[in-house]
Amino acid sequence: MIYVEIFIAFFLPGILGYGGGPASIPLIQYEVVERYEWMTVQEFSEVLAIGNALPGPIATKMAAFIGYEVGGWLGAGVGLFATIAPSLVMMIALVGLLYKHKDSPKVKRLTQYVRPVIAVLLGILTIQFLAGSVEGGGILHTIILLVGSYFLLEKWKVHPAIVIVISIVYGVLFLSGG
Amino acid sequence: MLQMKIFLAFFRVGILGYGGGPASIPLVYKEVVDHYKWLSEDEFGDILALGNTLPGPIVTKLAGYIGFSVGGVIGAINGVIAIVMPTALMMIAFFAALANFQDAPWVTGLTNGVLPVVTVMMAVLTKNFVTKSHSDLGWKFAGLLLLIGIVIIGVFDFHPAILIVILIIAALIKRDPLEKKIKGREGGKEE
């Protein structure tokens, strides 16, 4: 059933994504693109780009939108619930236990051990996005956009929303292929 | 009214917080410590540390937990809805509007334009995660975990959950020299 699938697709990133919302992006991508094939990598990247251009937590924006695409309003609700509820309920229910262990080296190690795996997933996603860029816009435009957005985002610290709007304008003007 | 305040506090965080959940933490602090004074600075630090022991998005855990401690179960639901809904609806509305032009060539242009930008964002995020892994675990161990990850997920295409669960178990069962010492001392006291 579709709602069960939506639940699983966002429940797993919710309980495995150590390191906050951004850490769950590649896990969401794995479920949505690789496993359930609801979207292509290009579509996923578009959702991620628009998500990054809007404020607020990223994992929940992805869950709400992808859930909506796949299963309507109820799908959006299921996606959001699966993303938020498990760790929140655990936090409220286990507050005493967690409080006792919050400074324990074991707990710190959890995030530290999982982080390299997330790094690998993020790396794989980067390569897929890169391949999609070259396929969609050609090598020359891809290089211009990669270098341009790198300098804008990382060197000159331009707001991501502005960079995404600039790239949309560039894409519509030069890469519409019409 | 209390529930109204909870809603406003997290609504503002949701619509002003750029850069994802972790970047919004200072905004939550401003609302609940500085503005509404629901928590002291130390309590906020404790709750943040608690949230970080668990996986998943951090800012919704903060909104839910703080909402719960201030206004009960209704407060928790209220806080989460306030932080999540506005931008979730914006996303859905944006793509619903875009769907009307699905076949227009400029929509393809839009996708082609944003893809390199998210590539850069993902590359930077990857670099940050690798750097942090190295500073926490050292080159050898972090390198080993990265290599295992690349082989198992990248080459053999296993579900990432398998590897993550194994690492979670490894992190929990590994004994610490310090812990042994403390236990030893406690044991000594009992005798």
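In this predicted model, helix 1 of chain A has 15 residues and should span 21 Å at 1.5 Å a residue. Its end C-alpha atoms are 22 Å apart, which agrees with that expectation. Several residues of this helix are buried, namely A:Ile6, A:Ala9, A:Phe10, A:Phe11, A:Leu12, A:Pro13, A:Gly14, A:Ile15 and A:Leu16. The cover over these buried residues includes helix 2 and helix 4 of chain A, together with helix 6 (160-173) of chain B. A:Glu5 is also part of helix 1 of chain A. A:Glu5 has 17 other C-beta atoms within 10 Å and is therefore partly exposed, since the partly exposed class lies between 12 or fewer neighbours (exposed) and 20 or more (buried). In sequence A:Glu5 is 26 residues from A:Glu31, while in space the two are 9.4 Å apart, C-alpha to C-alpha.

Chain A as a whole contains seven helices and zero strands. Its pattern along the sequence is accordingly written α-α-α-α-α-α-α. The C-alpha atoms of the chain fill a box of roughly 60 × 40 × 25 Å along the principal axes. Chain A has 178 residues, and 55% of them count as buried. Among the contacts in chain A with a separation of 6 or more, 55% are between residues 24 or more positions apart.

Most residues other than glycine have a negative phi. A:Glu37 is not a glycine, yet has a positive phi of about 50°. A:Glu37 is found in the loop between helix 2 and helix 3 of chain A. With 8 other C-beta atoms within 10 Å, A:Glu37 is exposed. A:Lys157 likewise has a positive phi, near 50°, and is a residue other than glycine. The loop that holds A:Lys157 runs between helix 6 and helix 7 of chain A. A:Lys157 counts as exposed because it has 8 C-beta neighbours inside 10 Å.

The contact between the two chains takes 93 residues from chain A and 82 residues from chain B. On the side of chain A that touches chain B, two or more residues each come from helix 1 (2-16), helix 2 (21-35), helix 3 (41-53), helix 4 (58-93), helix 5 (95-101), helix 6 (105-155) and helix 7 (160-174) of chain A. Helix 6 of chain A gives the most to this side, with 33 residues. By residue class, the side of chain A that touches chain B consists of 57 nonpolar, 29 polar and seven charged residues.

The largest nonpolar core has 100 residues, and those touching the most other members are A:Leu121, B:Val117 and B:Val118. Helix 4 of chain B supplies the largest share of this core, 17 residues. At least three residues of the core come from each of domain 1 (2-99) and domain 2 (105-185) of chain B. Residues up to four places away in sequence aside, B:Val118 touches A:Ser45, A:Leu48, A:Ala49 and A:Phe129.

Chain B is divided into domain 1 (2-99) and domain 2 (105-185). The C-alpha centres of these two domains of chain B lie 26 Å apart. Helix 4 (residues 58-99) of chain B includes B:Phe94. B:Phe94 is partly exposed, with 16 other C-beta atoms within 10 Å. B:Phe94 and B:Ala76 are separated by 18 residues in sequence and by 28 Å in space, C-alpha to C-alpha.

For chain A, the unreviewed UniProt entry lists "transmembrane region" at residues 6-27, 74-98, 110-130 and 160-177. Of these spans, residues 74-98 of chain A are 96% helix and 0% strand, with end C-alpha atoms 33 Å apart. Residues 160-177 of chain A are 83% helix and 0% strand, and their end C-alpha atoms lie 25 Å apart. For chain B, UniProt (unreviewed entry) gives "transmembrane region" for residues 7-29, 65-98, 105-125 and 145-173. The model has residues 65-98 of chain B as 100% helix and 0% strand, with the end C-alpha atoms 36 Å apart. Residues 105-125 of chain B are also 100% helix and 0% strand, and the end C-alpha atoms of this span are 31 Å apart.

Key
Residues numbered from 1 in each chain as written. Chains lettered and ligands numbered in written order. Predicted model: local features only at pLDDT ≥ 70, side-chain atom pairs only at ≥ 80, totals over all residues. Contact = placed C-beta atoms within 7 Å. Helix = DSSP H or I, 4+ residues; strand = E, 2+ residues; numbered from the N terminus. Nonpolar A, V, L, I, M, F, W, Y, C, P; charged D, E, K, R; others polar. UniProt positions renumbered as here; feature names shortened; annotations may be inferred. Domains from an automatic or database assignment. Core = buried A, V, L, I, M, F, W, Y, C linked by C-beta atoms within 7 Å. Expected span 1.5 Å × (residues − 1).
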